[in-house]
Amino acid sequence: MLLTVTEVITETHDTKTLRFGFSKDKRIDFIPGQFIMLAIPTEKDGKKTIVNRSYSVASSPTKDYLDLTIKEVPDGFTSKQLQNTEVGEEFEFSGPYGNFVFNEKKMQKIVLIGSGSGISALHSIIQYIQDKELDTRATLIYSNKTPDDIIYKKELLEMNDDMPNFNLFLTITRPEEMENFRQWTGHTGRIDTAFLQQCVKDIKIPYFFLCGSSDFVKSMQTLLLELKVNKEKIKKEVYG
Ligand SMILES: Cc1cc2nc3c(=O)[nH]c(=O)nc-3n(C[C@H](O)[C@H](O)[C@H](O)COP(=O)(O)OP(=O)(O)OC[C@H]3O[C@@H](n4cnc5c(N)ncnc54)[C@H](O)[C@@H]3O)c2cc1C
């Protein structure tokens, strides 16, 4: 399906959201947590070509648009190019794909654990819970290098205030890289057993959604398995 960019939102210094407005005859149905494949026209070695990349849908299916939130990766070919996307550009989509999905009937309690751009799929789930006014209890544990890297920071803090069934825990892993590290009064350091137990009291009850880089997802899964979380309750999406 061909969709047009209707808005480009700057999220952080290296992340933009591309918004694709739906119309009556053009919309993509998906389950929160799923991803699509984006065909990106580009030029490689002087030749026009198409590069395909996977992106989680960052918005909820309750919206009349589809958001892709794309973080530029160091030396990344297409993630860099996509930062220069303009309103009116058209992209070919395929999908949705994936089993990293939120099941509202089965999952009464969920813990979402993400790093960096891994927030995309998790954001779709939280926004869905908010829009549908579900009773699901959701905890988000979100890790970034510095506060400037926190995608959707303002919105997440507002959701934390407005939604009684949502709890947000942020952590910063490289406070020394901040201009004024004393301004950050929240948690610092990587997500470890102690922090996890502080954020989630009844660790064996919820379903867990892990999203981010391969190393991040692996280390989170190891922590959960050490805490005797049932493997069946752990869902993973690895970005690269
Ligand atoms: C299911 C799925 C969903 C995804 N959803 C999102 C999303 O919502 N938002 C988003 O920004 N990205 C997402 N990604 C990652 C995305 O598909 C691309 O891999 C990413 O944008 C980099 O593409 P590139 O062409 O710029 O990098 P490439 O030119 O392909 O790679 C350049 C270098 O960067 C490394 N690299 C590739 N991806 C990453 C990464 N994510 N983090 C760190 N290093 C990396 C590569 O190993 C390589 O060394 C998702 C990936 C998958 C598999």
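**Ground rules.** I am working from a predicted model, in which local features need pLDDT of at least 70 and side-chain atom pairs count only at pLDDT 80 or more, while totals for chains, interfaces and linings use all residues. I number residues from 1 along each chain as its sequence is written.

**Overall form.** I looked up the secondary structure and found 5 helices and 12 strands in the protein, these being DSSP runs numbered from the N terminus (helices H or I, at least four residues; strands E, at least two). I then checked the radius of gyration, taken over C-alpha atoms: the protein has 18 Å, which agrees with the value near 18 Å for a compact globule of 240 residues, by the rule of 2.2 Å times the number of residues to the power 0.38. The C-alpha atoms fill a box of roughly 50 × 45 × 30 Å along the principal axes.

**Domains.** I find the protein divided into domain 1 (2-97) and domain 2 (109-238), with bounds that come from an automatic or database domain assignment. The domain centres, taken over C-alpha atoms, are separated by 23 Å. I see 15 residues of domain 1 in contact with 17 residues of domain 2, where contact requires C-beta atoms, placed from the backbone, within 7 Å. On the domain 1 side of this boundary, β1 (2-12) and β5 each supply at least two residues.

**Cores.** I looked next for nonpolar cores, meaning sets of buried Ala, Val, Leu, Ile, Met, Phe, Trp, Tyr and Cys residues joined through C-beta atoms within 7 Å, with a residue buried if 20 or more other C-beta atoms lie within 10 Å of its own. The largest has 38 residues, of which Leu112, Ile113, Leu122, Leu140 and Phe209 touch the most other members. The largest share of this core, 7 residues, comes from α2. Setting aside neighbours within four places in sequence, I find Leu122 in contact with Leu112, Gly114, Leu140, Phe209 and Cys211. A second, separate core of 14 residues includes Leu18, Ile36, Val57 and Ile70.

**Ligand shell.** I count 21 residues around the ligand, the closest being Gly76, Phe77, Ser79, Ser120 and Gly240; a residue is near a molecule if its C-beta atom, placed from the backbone, lies within 6 Å of it. Two or more residues each come from β4 (47-56), β5 (65-71) and α1 (78-82), and β4 gives the largest share, 4 residues. Because domain 1 and domain 2 both give residues to the shell, I note that the ligand lies between them.

Key:
A residue is buried if 20 or more other C-beta atoms lie within 10 Å of its own, exposed if 12 or fewer, and partly exposed in between; C-beta atoms are placed from the backbone. Two residues are in contact if their C-beta atoms, placed from the backbone, lie within 7 Å.
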